[in-house]
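Here is a short report on one chain. It starts with the overall fold, then turns to charged pairs and a surface patch.

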Amino acid sequence: AADLAGKLLPAVPGVAARLPGRRALLGASLARALFIPAFFGARRIASDAGAAGTVAALTVALGLTNGFVTVASQMRILTGLYGRDAEDAGTAGVLALVIGLCIGSGLSFAWTAK
């Protein structure tokens, strides 16, 4: 639900006009790696009851940022490009997204393997 809300956020009037630039989106996507130690820290520091709420809040934040950064980057990728360049950039963007999803899925299997 949070991922869907993040993906729908650019559809809110006025938000699409103020989407972050390419460098800001790259920084935001790299900064999302900070969720990894945050999840570990939430599990180690908090009590069992508090950890569940903290992990749930982190999961919602991760979903929101995932949805928003994905849609915003796909919207920004074609900015200022025309013709064949726009087509190539769109193809490269989708390819990068699919490769990232495949790598993430593979890492999740390795992460949960016992």
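What pattern does the chain follow, read along the sequence? The pattern is α-α-α-α-α. The model is a predicted one. It holds five helices and zero strands.

**Overall dimensions**

The chain has a radius of gyration of 17 Å, whereas a compact globule of 114 residues would have one near 13 Å. Along the principal axes, the C-alpha atoms fill a box of roughly 55 × 35 × 25 Å. Buried residues make up 16% of the 114 residues. The accessible surface of the chain comes to about 7,900 Å². Carbon and sulfur atoms account for 71% of that surface.

**Salt bridges**

How many salt bridges does the chain have? The count comes to three.

| Pair | N to O distance |
|---|---|
| Asp3 and Lys7 | 3.0 Å |
| Glu87 and Arg84 | 3.6 Å |
| Arg84 and Asp88 | 3.6 Å |

Start with helix H1, which spans residues 2-8. Asp3 and Lys7 both lie there. They are separated by about one helical turn, because they are four residues apart in this helix. Asp3 has a relative accessible area of 24%, so it counts as partly exposed. Lys7 is also partly exposed, at 35% relative accessibility.

The other two pairs share Arg84. Which residues are linked in a network of salt bridges? They are Arg84, Glu87 and Asp88. Glu87 and Arg84 both lie in helix H5, three residues apart, or about one turn of the helix. Arg84 and Asp88 are four residues apart in helix H5, so about one helical turn separates this pair as well.

**A nonpolar patch**

Helix H5 covers residues 84-112, and Leu95 lies in this helix. Which residues make the nonpolar surface patch? Leu95, Ile99, Ile103 and Leu107 make it, and the patch has an area of about 390 Å².

Leu95 has a relative accessible area of 51%, so it passes the accessibility cut-off. That value also makes Leu95 exposed.

**Summary**

The predicted model is a chain of five helices and zero strands. Its radius of gyration is 17 Å. Arg84 forms salt bridges with Glu87 and with Asp88. Leu95, in helix H5, is one of the residues that make the nonpolar patch.

Notes. Residues are numbered from 1 along each chain as its sequence is written. This is a predicted model: local features need pLDDT of at least 70, side-chain atom pairs count only at pLDDT 80 or more; totals for chains, interfaces and linings use all residues. Side-chain values use heavy atoms; hydrogens and water are left out. Patches are made of residues with over 30% relative accessible area and no salt bridge: like charges are joined within 9 Å, nonpolar side chains (Val, Leu, Ile, Met, Phe, Trp, Tyr) within 5 Å. Accessible areas come from the Shrake-Rupley method with a 1.4 Å probe; for residues, only the protein chains shown count as cover. A salt bridge is a side-chain nitrogen of Lys or Arg within 4 Å of a carboxyl oxygen of Asp or Glu. Helices (H or I, at least four residues) and strands (E, at least two) are DSSP runs, numbered from the N terminus. Buried means under 20% relative accessible area, exposed over 50%, partly exposed in between (1.4 Å probe, protein chains only). The radius of gyration is taken over C-alpha atoms; the globule rule is 2.2 Å times the number of residues to the power 0.38.
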